[in-house]
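Trainee: I would like to learn how to read a protein model. Can we go through one together, feature by feature?
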Amino acid sequence: MITKFIKRILRHDPMVRHTAAHNTGAPKRIPKKAHHIDQHLLSKNAVKVTHTLQQAGYEAFIVGGAVRDLALGISPKDFDVATNATPEQVQKLFRKARLIGRRFQIVHVTFFGKGAPEIIEVSTFRALLENAGEHVAENGRILRDNVWGSQHEDAARRDFSINAMYYDPASETVLDYHGGMADMQNKVLRMIGDPAKRYREDPIRMLRAIRFAAKTGFDLDAATRAPIAQLGQLIHDVPAARLFDEILKLLMSGYAWAAIQGLRDAGLHHGLLPLLDHVLDSDPASKEANEFVRIALANTDQRIQSGKSVSAGFLFATLLWPDLLLNWKSNIAKGMANIPALHEAMDETITTQSNGMVIQRRFENDMREIWSMQPRFERRVGRYPYRLIESIRFRAGYDFMLLRCATGEQNPALGEWWTSFIAADPVAQEALMVGAKNDTSNTISTTKRRRRRKAKPAMPTEGATD
Ligand code: ATP
Ligand code: MG
């Protein structure tokens with residue numbers, strides 16, 4: 001779809017094709033007939049914000065990723081606005097406006113409608129680093145960033161040319177400071193300014209490069225790619241919480257599998273998440289785990305691309321499952337009973353995988369619930385299936401079990417049984433349970449429970465009340 005749209009622009013617009021102003025002061029003004037932004041894809045609230053600011057005498061534009069996505073014909077997931085009004089001036093103009101952040105002070109303007117509230121993020125044009133003096137640390141890292149500047153400076157502070165376009169909904173004009181539209185047509189992701197310097201200022205930009213390349217299918221410009229090989233290790237200086245947020249964005253982008261390949265090609269994956277080291281390992285021994293994660297990510301990507309929700313907890317539960325299985329099996333081999341062995345394995349997996357990376361508590365709880373439900377799917381007699389269905393997180397556990405079936409790690413017949421069971425009436429459910437009594441084909445290799453005379457009930461999920 002993106003390719004089709006770019007072809008359309010190329011065919012119709014000789015004017016944009018020759019844009020090559022990569023670092024000039026004056027922006028290229030791109031009129032409606034040349035950018036093809038569909039007004040229907042705009043957020044009405046974002047337009048309200050720019051309108052209100054403009055009425056009050058300020059400049060205001062939709063900016064950043066929203067303009068990039070609009071120009072690609074994609075519906076943006078959120079809208080940012082840039083203005084020459086200061087945060088305090090912005091705040092005065094809106095009823096529901098909150099000042100957020102210290103390093104990057106911005107204003108969140110909230111709108112309440114039918115669905116979830118929409119937040120429009122409004123930021124004031126920022127000055128160039130050269131003009132921010134004492135706000136930059138010796139290593140080039142940005143410390144404080146509330147130095148307001150011109151729109152031209154603000155554009156130069158952004159990361160990629162395709163992220164530095166400003167759209168004015170009133171005139172339907174795009175202001176393009178760094179040849180973003182031309183780069184879009186050439187399918188190139190280009191860092192603004194000196195890429196090495198920009199990565200040193202903020203190493204997270206290396207991960208953003210990989211994420212956007214995966215999302216757009218664009219190639220990284222050679223000069224944008226080159227320094228990553230030397231500077232990749234700077235990523236480990238980024239605070240863990242910010243790194244985690246970026247990795248989460250990458251995994252939830254709808255292009256996670258492509259992005260992970262991109263990380264490997266760029267040599268960026270080591271030490272980001274221990275699980276990525278496993279996944280990207282070319283060692284044939286980890287082939288099975290790779291296959292599980294590949295299918296899991298393809299499934300997640302597909303869901304996100306078709307507008308369905310995916311919980312981060314579910315995603316991490318799938319990514320860490322191969323590791324958990326190994327630990328579970330090894331605990332059983334040491335003589336532990338099935339369920340305690342699973343719970344011990346959950347602790348082990350989370351501890352190792354969290355090393356150097358904070359898997360936030362709320363996701364951890366979801367993961368534990370999904371995992372601890374898995375052996376319960378194998379109990380298909382008495383009250384067990386009914387109790388399982390009543391679990392709050394049943395749907396996630398069931399989806400997870402189906403995924404295991406799809407990868408061949410669990411017997412597909414078990415997935416089919418549960419799918420029938422959920423849809424069946426009570427009489428048919430009883431019949432299904434009778435059938436299941438004689439069926440021993442669905443246990444995973446770790447499960448020795450059936451040989452024990454009295455099975456321990458599955459333990460309730462720890463921390464489920466968080
Ligand atoms: P998406 O929202 O799809 O992840 P985005 O481009 O909108 O993509 P945001 O993180 O929402 O990404 O940032 C909005 C804009 O702010 C970007 O388009 C870019 O212009 C600028 N920006 C964000 N992060 C950085 C950064 N680390 N360095 C420079 N500019 C940045
Ligand atoms: Mg955005």
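Mentor: Start with contacts along the chain. This is a predicted model. Take the contacts in the protein chain with a separation of 6 or more: residues 24 or more positions apart account for 68% of them.

Trainee: How many helices and strands does the protein chain have?

Mentor: There are 23 helices and 10 strands. The chain has 466 residues, and 51% of these count as buried.

Trainee: What share of the accessible surface belongs to carbon and sulfur atoms?

Mentor: That share is 52%, out of an accessible surface of about 22,000 Å² for the protein chain.

Trainee: Now the ligand. Which residues are the closest to ligand 1?

Mentor: Lys 77, Asn 163, Asp 202, Arg 205 and Arg 211 are the closest, in a shell of 19 residues. Next, ask which elements supply that shell. Helix 5 (65–71), helix 10 (204–216) and helix 13 (240–251) each give at least two residues. Helix 10 has the largest share, with six residues.

Trainee: Which polar side-chain atoms lie by an oxygen atom of ligand 1?

Mentor: Arg 211 places a polar side-chain atom 2.7 Å from a ligand oxygen. For Lys 77, the distance from such an atom to an oxygen of ligand 1 is 3.0 Å. For Arg 158, it is 3.0 Å.

Trainee: How much of ligand 1 does the protein bury?

Mentor: Taken alone, ligand 1 exposes 580 Å², and the protein buries 84% of that.

Trainee: Next, aromatic rings. What describes a pair of them?

Mentor: Two values do: the distance of the centres and the angle of the planes. This structure holds 18 aromatic pairs. One of them joins Trp 321 and Trp 328, with 6.4 Å centre to centre and 70 degrees between the planes. That pair is edge-to-face. Both tryptophans, Trp 321 and Trp 328, are buried.

Trainee: And Trp 417 with Phe 421: are their rings stacked or edge-to-face?

Mentor: They are stacked, with centres 4.9 Å apart and 10 degrees between the planes. Check where they sit in the chain. Both lie in helix 22 (residues 412–423), four residues apart, which is about one turn of the helix. Trp 417 and Phe 421 are both buried.

Trainee: Which residues do ring pairs link into a cluster?

Mentor: The cluster holds Phe 377, Tyr 386, Phe 394, Tyr 398, Trp 417, Trp 418 and Phe 421. Charged side chains can also be checked against rings. Arg 380 lies over the face of Trp 417, 5.0 Å from the ring centre. The charged end of Arg 379 sits over the ring of Tyr 384, at 4.9 Å from its centre.

Trainee: Where do Glu 172 and Lys 187 lie?

Mentor: Glu 172 is in the loop between strand 7 (165–168) and strand 8. Lys 187 is in the loop between helix 8 (180–185) and strand 9 (188–189).

Trainee: Why does Glu 172 count as buried?

Mentor: Its relative accessibility is 18%, and buried means under 20%. Lys 187 is at 28%, so it counts as partly exposed.

Trainee: What about Thr 173: buried or exposed?

Mentor: Thr 173 is buried, because its relative accessible area is 16%. Thr 173 lies in strand 8 (residues 173–176). Its side chain makes a polar contact with the side chain of Ser 171, at 3.0 Å. Beyond its neighbours within four places in sequence, Thr 173 is in contact with residues including Arg 29, His 35 and Tyr 166.

Trainee: Let me end with Pro 195. Which helix is it in?

Mentor: Pro 195 lies in helix 9 (residues 195–201). At 9% relative accessible area, Pro 195 is buried. Setting aside neighbours within four places in sequence, its contacts are Ala 223, Thr 224 and Pro 227. Arg 205 is 10 residues from Pro 195 along the chain, and their C-alpha atoms are separated by 9.5 Å.

Technical notes: Residues numbered from 1 in each chain as written. Chains lettered and ligands numbered in written order. Predicted model: local features only at pLDDT ≥ 70, side-chain atom pairs only at ≥ 80, totals over all residues. Heavy atoms only, no water. Buried < 20%, exposed > 50% of the residue type's maximum accessible area, 1.4 Å probe, protein only. Contact = heavy atoms within 4.5 Å. Phe/Tyr/Trp six-rings, centres within 6.5 Å; stacked < 30°, edge-to-face > 60°. Lys NZ or Arg CZ within 6 Å of the ring centre and 35° of its normal. Near = heavy atom within 4 Å. Polar contact = N/O pair within 3.5 Å; in protein donor to acceptor, adjacent residues only side chain to side chain. Areas by Shrake-Rupley, 256 points an atom, 1.4 Å probe, with all protein chains shown as cover.
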